[in-house]
Amino acid sequence: MTKVKTAFFCTNCGTQHSKWSGKCNACNEWNTIVEEVIIVDKQKKTTLGDSRPKPVLLSSINVEETPRISTFDMEFNRVLGGGLVPGSIVLLGGEPGIGKSTLMLQVALNMPEKKIFYVSGEESYGQIKMRAERINTGFNNLYLYSETNTLSIVTEAKNLKPDIVIVDSIQTTTTPYIDSSAGSVSQVRESAAELQRFAKQSNIPFILIGHITKDGSIAGPKVLEHMVDVVMQFEGDRNHGYRILRTSKNRFGSTSEIGIYEMESYGLREVSNPSEILISHREESTSGVAIAVNLEGNRVLMIETQALVSPAVYGTPQRSTTGFDARRLNMLLAVLEKRCGFRLGAKDVFLNITGGIKVDDPAIDLAIVASILSSNEDIAIDPGFCFAAEVGLSGEIRPIPKIEQRIAEAQKLGYRQIFISKYNLKGLNQQSSTIRIKALSRIEDMLSEIF
Ligand code: TYD
Ligand code: MG
């Protein structure tokens, strides 16, 4: 017989308290006391019996390829590392309104041969039906359940025996063992732990949708992220149609893969050739635009960088960026000032990465420098040019990884010339490429090459 009790613990010093209070009187920390479930199992205390696990010799373990449940969403599959692993827990986080519920409903509806159990604590049946109609695929094997109590969820899942369970969202679920309100640290942890126990027992994969906090991390305890097998983030600019799915943790695959979607009026569209959408289609060439050959995960993306350099109106010049680290822009400007003699200190510089995505591959540096120079001179860069190199503090153009892959992609997309670092030339097989490769060693050399 399992008896459940709860108690209050300080997360800072671990002291047990009989009731909640704002301040722990043992360590004097504020807001550290949380309610926790203590399961008192009488039988466990006596002897373990013969059912306890025995140590296993590593060499005697048979490894078969884990059979994965493949979804019909190629982007989602790739980010997962090839599909859902039975019994695993996937946590999907993202800003409100970014499309988490839409993505999950769409993934579920595209698998008519699988039985899906879709638990929603946020929306009514009518709302979900309306969304499903918008996405407009056959919906014949999806069971909706509007419930927040984890005991009922687990009981229904036991009866229904679904192939996949989706819970929208983990912050709305509650376990009856704990009194604190839904979404609180202890509720989120206990509910997730309960669902996880069931997932491992039944071998049914769970996808949990999670809210995020103001700073972008998943709301609730950090231990939630430790508990689950895969942590995914669905991000993007709400004003642009693009959404990027990425993983920050994946026990069954790489965390470097990304999936790209576009939000349409009929749901999310998988974008299989992202380079096309990330480059604006312009008729005539304009100044201040340069194309970077970036790597996101194992995927090459052609990204358009736009710069606007204009004389500073106010005393202090403004620097503003979207999608790029502002400190790195300042560094690149300082390098330009010192090495190319540009008086950029008296100019406002605005930088924009099109498509509303955030870039952190340093290979974008050279394209940024080129777009700034182009806007400053007001001379357009040939639209057939693209750039892939990092810029160092002394103005040297530095090599970047996976250069062959980038060159191949640029060539495939019809670019005529790619600017790379001289140090990337070593061991590079240039025979097969029809694209012209321009190797540079310093940013001073670039000026004469691009204009
Ligand atoms: P939603 O999936 O409800 O977001 P989350 O669960 O992350 O809070 O996001 C829906 C948003 O997407 C909403 O603002 C409307 C828009 N949307 C579309 O543009 N097209 C569609 O087909 C659907 C279903 C939603
Ligand atoms: Mg939602």
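These legends go with a set of close-up views of one predicted model.

A quick word on the ground rules: because the model is predicted, local features need pLDDT of at least 70 and side-chain atom pairs count only at pLDDT 80 or more, while totals for chains, interfaces and linings use all residues. Residues are numbered from 1 along each chain as its sequence is written, chains are lettered from A and ligands numbered from 1 in the order in which they are written, and side-chain values use heavy atoms, with hydrogens and water left out.

**View 1**

**View 1. Backbone atoms and the oxygens of ligand 1.**
Look at G97 to start with: one of its backbone N or O atoms lies 2.8 Å from an oxygen atom of ligand 1. G99 has a backbone N or O atom 3.0 Å from an oxygen atom of the ligand, and for S265 the distance is 3.0 Å. (A polar contact is a pair of N or O atoms within 3.5 Å; within protein, one must be able to donate a hydrogen and the other to accept it, and residues adjacent in sequence count only if both atoms are side-chain atoms.) On its own, ligand 1 has 560 Å² of accessible area, and the protein covers 74% of that. Those areas come from the Shrake-Rupley method with a 1.4 Å probe; for residues, only the protein chains shown count as cover.

**View 2. Strand β5, covered on both faces.**
Buried means under 20% relative accessible area, exposed over 50%, and partly exposed in between, with a 1.4 Å probe and protein chains only. In a regular strand the side chains alternate between the two faces of the sheet. On one side of β5 sit I116, Y118 and S120, and on the other F117 and V119. β5 runs parallel to β6 (residues 142-145), with four bridges between them, and F117 stands opposite Y143 in β6. β5 also pairs with β7 in the parallel sense, over five bridges; there, I116 stands opposite I164. (Two strands pair if DSSP finds at least two bridges between them.)

**View 3. A left-handed β-α-β unit.**
Three pieces make this unit: β15, helix α9 (residues 326-340) and β16. Its crossover would be called right-handed if, with the strands pointing away from the viewer, the path from the first strand over the helix to the second ran clockwise. The strands β15 (residues 319-322) and β16 (residues 347-353) run parallel and are joined by four bridges. R319 has V349 in β16 as its bridge partner.

Most residues other than glycine have a negative phi, and most peptide bonds are trans. N31 has a phi near 60 degrees, and is found in the loop between β2 (16-17) and β3 (33-41). Is N31 buried or exposed? With a relative accessible area of 65%, N31 is exposed. K161 has a positive phi too, about 50 degrees, and lies in the loop between α5 (150-160) and β7. A cis peptide bond joins D168 and S169, with omega about -5 degrees.

**View 4. Two buried charged residues, R243 and E304.**
R243 lies in β10 (residues 242-250) and is buried, at 3% relative accessible area. A polar atom of its side chain lies 2.6 Å from the backbone oxygen of I98. E304, in β14 (residues 299-311), is buried at 0% relative accessibility. The side chain of E304 makes a polar contact with the side chain of Q306, at 3.3 Å.

Methods:
Helix = DSSP H or I, 4+ residues; strand = E, 2+ residues; numbered from the N terminus.
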